[in-house]
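Here's a quick briefing to read alongside the sequence and the model.

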Amino acid sequence: MAEVEGVPVEVLKRHAELSELVEDARWRYYVLDQPTVSDAQFDGWFKELLALEEAHPTLQTPDSPTQKVGAPVSGDFAKVQHLNRMESLDNAFNAEDIAAWQARAERLAEGDPGPYLCELKIDGLAVALVYRDGKLERGATRGDGRTGDDVTANVRTIKGVPHRLTGDDIPSLVEVRGEVYIPVEDFKQLNEQLVEQGKPPFANPRNSAAGTLRQKDPRITAQRPLRMLVHGIGVWEGTEEPRAQSHCYDRLREFGLPVSDLVKVVPGLDEINEFIEHYHAHRHDPAYEIDGVVVKVDDFRTQRELGSTSRAPRWAIAFKYPPEEVNTKLLDIQVGVGRTGRVTPFGDMEPVVVSGSTVQRATLHNAAIVVKKGVLIGDTVVLRKAGDVIPEIVGPVTALRDGSEREFVMPTHCPECGTELAYEKEGDADLRCPNARGCPAQIRERIFFAAGRRALDIDGLGYVAATALTQPLPPQQPVVRTEADLFDLTLEQLIPIKSVVRDQDTGLPKVDPKTGEEKVVTFFSNLSGEPSQNALRLMEELERAKECSLAQVLVALSIRHIGPPTARALADAMRSIDAVMNASEEELAAVEGIGPRVAATIKEWFEVDWHREIIERWRAAGVRMEDEPAPEKGPQTLEGLTFVVTGTLEGYTRDTAAEALTSRGGKVSGSVSKKTSFLVAGENAGSKYDKAVTLGVPILDGAGFEVLLEEGPEAAAGVAVTPEG
């Protein structure tokens, strides 16, 4: 490490270390197609390197990783020189970075350089295609920006990439740049096929696209679902060049080249930020992975005036969204048991922060999925958490395996009751514990579900309380052995209960990190042995829950396939639990939304003795088992219309708002589509509001909802917000 005047030794050491880390990561990412660090880790190293060079400019030499584009080309393909250098993009991570870039461009252009073109940043492989006299002559990877790998034979296999351009005024020579990618759903299927063939799976869609495009045998590439979107030009000769990036896209589309429709030209900074925020919320709407938004000055003459640095254009910048994928160690795979007896494997990992939360466990669904993903215990894995979505293990980083990894073996017996596991019928994907009546795990999960908002809505009966009621510590016996015991509980039974604390996602015991022992809680009593507030609230809530509707009771019984909409349809049609219990399969199947399969499941459930015992014990405890006679139908002013309700409406719960619509003949759906007649949106409306705006669905606020109910849909249309789709 050479000394640099005026730079502290510790800074020199860190700069050298970061340079080595970045160069190695680039080699594995661009050349080997086997990344071993997450994008977030790489971005962190690169930002730190930039900061060191900004503080100590003498460190910024032509050999620094900050001055390079991509990585050296691989040794498996012929090398080709790009007609013009393919640059990288500088990154922005917040609104301040975008504002600083725009201000710098405005200063250099001596005026506002806008309008600006905003487009999605596809997480794929950058390539350049050369068309001479309209014919595809060459396809090459970006490589180091000046020299790339010749992958022409493989590019010719990509669906949607024309071998000859069509249309009028085709340039005699044009080089187009774009991203090659594999759609998300196709990526999952490809990985499953690779694992079945005994081959290592790809870590992510970008990795799979790069590996596929660099196949030595084009026949293999042709069998894989590569796609491409064009996002720029390097050379244009022989006809008049378009005046702006957006005009260029129109021309390229006329030539038959694949160009994204998710592009927007905007006047200024506010609209740029709106575009960025919109696709942050709708990041998973496109069929391909995106990791941000690219913002470009639209006018080509202004682009040329602004020029480039040694590695990136000054007229464009990439806004990168917070990472949704990180790497972590898979320490073990355990299994949890759900309310229907389904046994689910869970990955137990080194804790890692992803999408703003610390994640330690992620579902692996079933044994077949573990095999399909090619995951071994001990692997470094790619963990994905998209917003509020449950964390998912995408796959292993096979390049980091050292031979100590081992396969997961699905248990043969229930981990909580010891019953031998079995498939319900041939061809099922999920093993289940058949001990529905006596398995503590299933009872715990069913009690927790019964107390949920979609069922009896019992405040005070959360997961900790459900665990305490169904699995107190030996020698104490469970207070609740089946759902039948729930409404017979007394304060005297609650006070002595102690219980192991369990993870709500997996059902597995939580462990104290200091002692390594399972966490134990006394939930229903205080230090003096008196009933706690938890106990008192639970008794009050159980009493209130006795007045729940028939639909809520039906959901609480955990009958397979009976969720709130089906339960509501059953309750409306039958009006009492006895009518449901005694109905024939044909009568059940005649209820809207049920059909023969669900009808058979309902009938089968009610034929089990201990299921009927639950109903009789609840009835004896005072739980209401029938609804009032159906009121006479009023005017069906909303017949034939479909509604979605979201947010908080003053004077209504979600259920009462839905009831107000259905009683007038309307249909209530859970998701917005082009078939939605109106979105009823209260305060704090979320993604459904955004989707309605995108699709042009009329939106009613609280006042508009009252107009709809009182005056009908025509009057409501007059006060609705009708966005342009």
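Which residues are linked in a network of salt bridges? They are Arg 437, Asp 485, Asp 488, Glu 613 and Arg 617, where a salt bridge means a side-chain nitrogen of Lys or Arg within 4 Å of a carboxyl oxygen of Asp or Glu. Keep in mind that this is a predicted model, in which local features need pLDDT of at least 70 and side-chain atom pairs count only at pLDDT 80 or more, while totals for chains, interfaces and linings use all residues. Residues are numbered from 1 along each chain as its sequence is written, and side-chain values use heavy atoms, with hydrogens and water left out.

- Helices (H or I, at least four residues) and strands (E, at least two) are DSSP runs numbered from the N terminus, and two strands pair if DSSP finds at least two bridges between them.
- Strand β4 (residues 125-132) pairs with β5 in the antiparallel sense over 6 bridges. Val 130 has Arg 138, in β5, as its bridge partner.
- Contact means heavy atoms within 4.5 Å.

**Salt bridges**

- Searching the whole structure turns up 40 salt bridges.
- Lys 121 and Asp 291 meet through their side chains at 3.2 Å, N to O. Lys 121 sits in strand β3 (residues 116-122) and Asp 291 in strand β10 (residues 290-297), so the pair ties together parts that are 170 residues apart in sequence. Both Lys 121 and Asp 291 are buried, with buried meaning under 20% relative accessible area, exposed over 50%, and partly exposed in between (1.4 Å probe, protein chains only).
- Within helix α5 (residues 184-196), Glu 185 and Lys 188 lie 3 residues apart, about one turn of the helix. Their salt bridge has its closest N and O atoms 3.6 Å apart. Lys 188 is partly exposed, at a relative accessible area of 37%.
- Arg 361 and Asp 503 form another salt bridge through their side chains (3.9 Å, N to O). Arg 361 is in strand β14 (residues 357-363) and Asp 503 is in the loop between β17 (498-500) and β18 (520-522), so this pair ties together parts that are 142 residues apart in sequence. Arg 361 counts as partly exposed at 22% relative accessibility, whereas Asp 503 counts as buried at 16%.

**Rings and charges**

- There are 12 aromatic pairs in the structure. Rings of Phe, Tyr and Trp (its six-membered ring) pair if their centres lie within 6.5 Å; planes under 30 degrees apart count as stacked, over 60 as edge-to-face and the rest as tilted.
- Phe 275 and Tyr 279 have ring centres 5.0 Å apart and planes at 50°, so the pair is tilted. Both lie in helix α9 (residues 269-281), 4 residues apart, about one turn of the helix.
- Phe 275 is buried, with a relative accessible area of 8%, and Tyr 279 is buried too, at 12%.
- The charged end of Lys 47 sits over the ring of Phe 93, 4.4 Å from its centre. Such a charge is NZ of Lys or CZ of Arg within 6 Å of the ring centre and within 35 degrees of the ring normal.
- Likewise, the charged end of Arg 339 sits over the ring of Phe 449, 3.6 Å from its centre.

**Buried helix positions**

- Helix α17 (residues 564-574) has buried residues that include Pro 564, Leu 570 and Met 574. Among the elements covering the buried residues of α17 are α16 (550-556) and α20 (595-606).
- Arg 575 follows α17 and has a positive phi, near 70°.
- Thr 467 is found in helix α13 (residues 463-470) and counts as buried at 1% relative accessibility. Leaving aside neighbours within four places in sequence, Thr 467 is in contact with Arg 444, Pro 472, Ser 499, Val 500 and Arg 502.
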